[in-house]
Amino acid sequence: MSCVPSRLRVAIVASDSQARSRLAVLVARSGHELVELAASPDAILTDDFINSSPPVPAVAIGAVEGDIAGRLPADPTARQIDAALRAVVAGLTVRGPNPQERGFGPLAEDGWPVLTPREIEVLAALRDGLSNKAAARRLAISPHTVKFHIESLFKKLGATSRAEAVVKGLKRQIVEI
Amino acid sequence: MTDNVRDPLEALSDALVERVRRAQPLVARIEVEGRSMRSGTLWRKDVVVAAEQAFARVEEAKVVLGDGSSFAAHLAGRDPGTNVIAFRLDGAPEPAPLAAGEPHPGALALAFGADAASVSVRLGVIHSVGPAWHSRAGGRIDRRIVLDMTMGGREEGGAVLDAGGNLLGISTLGPRRRVLVIPTTTVEGVLEPLLSTGRVERGWLGLALQPVLVPEAMQAEADKSRGLMIMGVAKDGPAAQAGVLAGDILVTIGGEGVSRPANVAQRLGPEAIGQPIELRLLRAGKILSLMATVAARPSG
């Protein structure tokens with residue numbers, strides 16, 4: 001079994017010289033070694049469209065087109081860069097919580113299932129990290145009923161985990177107005 | 001003899017090149033220190049518009065127009081609601097006026113963007129045209145125009161023209177990176193307030209809402225099966241001052257039923273600011289009527 005080395009060899013694909021120097025600083029801050037694209041790097045850091053499929057896993061900063069394993073927000077921290085580079089080298093896909101990545105979207109996306117008030121309360125309990133028992137206590141219902149609601153939520157939302165149910169049923173549907 | 005009959009594909013290609021040549025002066029490359037280049041559109045003399053979402057916290061920029069002339073640009077105003085940002089230039093040329101285009105599904109559209117050297121162009125069909133919609137930040141977009149093309153982040157904000165060379169609007173990236181058009185009329189509608197005050201005022205209640213099924217036992221009382229559950233109330237906001245509580249279910253606003261957040265957004269245009277509005281809510285199985293005074297949406 002081979003592990004991801006602690007210091008990666010990272011090449012840069014930049015849109016211009018200014019972006020190039022900015023990306024170089026980010027590579028240095030994240031603790032990795034900057035190498036030329038031709039020097040068989042472990043990974044690529046880019047802010048630009050990569051024309052063909054990159055030869056090695058790439059991490060893109062900001063809205064970049066193409067089939068890219070790692071995507072980070074436009075202003076990533078060194079820690080995020082480090083984690084994303086390691087993850088894509090290990091063969092994983094990385095997506096940051098970038099509001100811009102969400103794009104210019106509608107107030108509420110249609111097509112989500114509409115929940116009952118009780119289901120929303122149960123989801124809020126899941127969001128707060130409560131166990132079924134604790135959720136039951138908070139809502140003054142039986143743990144059995146909580147379990148029943150969670151099963152119904154999973155089915156309605158097509159979720160397979162509590163975290164997924166919270167994101168699909170709560171976070172994506174709340175609108176501030 | 002067929003010598004004098006143009007090959008149709010060649011004719012199409014030549015026509016496209018001609019369109020691009022005419023539109024090129026409108027294409028603005030917007031450079032911000034420490035960031036990747038972005039695209040914008042020279043909308044009128046000294047004014048470049050672009051996609052607001054691409055310019056978080058930007059105030060100063062350099063703009064290079066399609067003819068290579070370059071200008072210092074400063075922020076004139078931004079509106080996250082319609083995703084329009086306006087920059088003011090000094091001494092830029094007056095663009096040739098373009099008529100607003102009428103989008104039709106299936107019609108060809110050319111999307112322009114800035115490129116390191118000159119311009120980039122994409123050709124696609126108008127994938128769909130829908131009615132007005134409300135964005136996440138509450139702005140009203142006059143039409144929902146979707147283009148059948150992909151686009152890189154640096155191109156959004158560029159002009160989108162129809163086959164006749166009329167201006168459909170500016171491009172922007174929507175959810176799942178779909179390419180949307182902010183229509184010409186929408187840009188025009190916010191440009192005056194942006195240039196004069198730097199922002200666009202919109203109504204605000206200070207509510208976090210989620211669509212909800214009204215429990216069966218209360219459906220008769222509410223006279224409907226869907227409403228909006230109050231998930232949060234902004235401290236000291238209009239709804240809080242009116243007495244709205246988290247857990248209430250909003251069923252009507254200004255006498256009209258609400259089952260989607262857009263129904264509320266429709267009532268919160270700039271004209272609503274300062275006006276009273278009736279909120280009917282379900283609380284503990286009873287209908288409750290409260291009066292709120294719409295405030296201006298806080299910036300940021």
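**View 1. L42(B) stands opposite V48(B) in strand β3(B).** Strand β2 (residues 38-44) and strand β3 (residues 47-51) of chain B pair in the antiparallel sense over three bridges, where two strands pair if DSSP finds at least two bridges between them, and where strands (E, at least two residues) and helices (H or I, at least four) are DSSP runs numbered from the N terminus. The model is predicted, so local features need pLDDT of at least 70 and side-chain atom pairs count only at pLDDT 80 or more, whereas totals for chains, interfaces and linings use all residues. Residues are numbered from 1 along each chain as its sequence is written, while chains are lettered from A and ligands numbered from 1 in the order in which they are written.

**View 2. Six strands of chain B close into a barrel.** The order is β1-β2-β3-β6-β5-β4 (chain B), with antiparallel pairing, and the twist from one strand to the next averages 40°. Helix α2 (residues 184-197) of chain B lies across β2, β3, β5 (70-79) and β6 (84-89) of chain B, running at about 100° to β5(B); axes are lines fitted to C-alpha atoms, for helices over the stretch in contact, and angles run from 0 to 180 degrees between N-to-C directions.

**View 3. V49(B) belongs to the largest nonpolar core.** That core has 83 residues, of which V59(A), V48(B), V49(B) and V63(B) touch the most other members; a nonpolar core is a set of buried Ala, Val, Leu, Ile, Met, Phe, Trp, Tyr and Cys residues joined through C-beta atoms within 7 Å. Neighbours within four places in sequence aside, V49(B) is in contact (C-beta atoms, placed from the backbone, within 7 Å) with residues including W43(B), I85(B), I170(B) and V187(B). A second, separate core of 49 residues includes A135(A), L209(B), A272(B) and L282(B). Buried residues (20 or more other C-beta atoms within 10 Å of their own) make up 48% of the 300 residues in chain B.

**View 4. Chain A holds an open sheet of six strands.** The strands follow the order β2-β1-β3-β4-β5-β6 (chain A), with parallel pairing. β2 (33-34) and β6 (94-95) of chain A stand at the edges with a single partner strand each, so one side of each is left without a neighbour in the sheet. Within the sheet, strand β4 (residues 58-61) and strand β5 (residues 70-72) of chain A run parallel and are joined by three bridges, and A60(A) stands opposite R71(A) in β5(A). Helix α2 (residues 78-89) of chain A packs on the sheet, touching β1, β3, β4, β5 and β6 of chain A, and its direction makes about 165° with that of β5(A). α1(A), in turn, lies across β1 (9-13), β2 and β3 (43-46) of chain A, running at about 160° to β1(A).

**View 5. Chain A touches chain B.** The contact takes 28 residues from chain A and 40 residues from chain B. On the side of chain A that touches chain B, the elements giving two or more residues are α1 (17-29), α3 (99-102), α4 (117-127) and β7 (175-176) of chain A. β7(A) is joined by two bridges to strand β16 (residues 207-213) of chain B, the two running antiparallel, and the bridge partner of E176(A) in β16(B) is A208(B).

Notes:
Two residues are in contact if their C-beta atoms, placed from the backbone, lie within 7 Å. A residue is buried if 20 or more other C-beta atoms lie within 10 Å of its own, exposed if 12 or fewer, and partly exposed in between; C-beta atoms are placed from the backbone.
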